[in-house]
Amino acid sequence: MKYQNLTRFLPYFADGQSGGEWRGGKQADGQVIMPYVAYDEKIGEFIQEFSHSDLTDREYGEKMDARGWWKENVMEGAIAEMSAEDVGTCITAIWRRDRFSEGTILRFIKNGILAKLLARLKELDEGK
């Protein structure tokens, strides 16, 4: 199985794991710390594996634009027909978007789309 190093994370994402939590904001002493997401260790492991895979996509922006996948409902509706490369495009977009809009990865875990993308990758890996 070509993508087992990535699909092994599917149970973590599918089990409704939070993926992390927002921290910061106004503290008890009145000090304000810029809010940020503290991701679980598993998220870091997944991103590390993904970044070393052949699925990362440097042209993700153009592909996401062309297919309308920046809209979450459009992306989710297309998952069943995606190729492994398409799944890689979407995961790259989620990962990169998180750099500019912190919490994006967390949102895609909570709304189940990341688990659906990995489930599709597993289907493709198993030849289904």
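**Helix packing and the nonpolar core**

Good morning. What I am presenting is a predicted model, and every value I quote is computed from it.

Q4 lies in helix α1. Its C-alpha is 9.2 Å from that of L121, although 117 residues separate Q4 and L121 in sequence. T7 belongs to helix α1 as well, which covers residues 4-7. Is T7 buried or exposed? Its relative accessible area is 6%, and the cut-off for a buried residue is under 20%, so T7 counts as buried. Beyond its neighbours within four places in sequence, T7 contacts L118, L121 and K122.

Let me turn to the core. The largest nonpolar core has 32 residues, and the members that touch the most others are F13, M75, L117 and L118. Two or more residues come from each of α2 (10-14), α3 (41-51), α4 (60-67), α6 (84-100), α7 (104-110) and α8 (113-125). What does F13 touch, if residues up to four places away in sequence are not counted? The list is I43, F46, I109, L114, A115 and L118.

I now come to the helix pairs. In general, the packing of two helices is described by the distance between their axes and the angle between them.

On the α6 side, the contact involves A84, V87, C90, I91 and I94; on the α8 side, L114, L117, L118, R120, L121 and L124. Sorted by class, this contact comprises 10 nonpolar residues, no polar ones and 1 charged residue.

The other pair is α4 and α6. Here too the axes come within 9 Å, with a crossing angle of roughly 110°. Because angles of 65 to 115 degrees count as roughly perpendicular, α4 is described as roughly perpendicular to α6. From α4, the residues in contact are Y60, K63, M64 and R67, and they meet D86, T89, C90, T92, A93 and R96 of α6. What is the make-up of the contact of α4 with α6 by class? It has 4 nonpolar, 2 polar and 4 charged residues.

To close, I would point to C90, which takes part in the contact of α6 with α8 and also in that of α6 with α4. Thank you.

Terms used
Residues are numbered from 1 along each chain as its sequence is written. This is a predicted model: local features need pLDDT of at least 70, side-chain atom pairs count only at pLDDT 80 or more; totals for chains, interfaces and linings use all residues. Side-chain values use heavy atoms; hydrogens and water are left out. A nonpolar core is a set of buried Ala, Val, Leu, Ile, Met, Phe, Trp, Tyr and Cys residues joined through side-chain atoms within 4.5 Å. Buried means under 20% relative accessible area, exposed over 50%, partly exposed in between (1.4 Å probe, protein chains only). Helices (H or I, at least four residues) and strands (E, at least two) are DSSP runs, numbered from the N terminus. Contact means heavy atoms within 4.5 Å. Ala, Val, Leu, Ile, Met, Phe, Trp, Tyr, Cys and Pro count as nonpolar, Asp, Glu, Lys and Arg as charged, and the others, Gly among them, as polar. Axes are lines fitted to C-alpha atoms, for helices over the stretch in contact, and angles run from 0 to 180 degrees between N-to-C directions. Angles under 35 degrees count as roughly parallel, over 145 as roughly antiparallel, 65 to 115 as roughly perpendicular and the rest as oblique.
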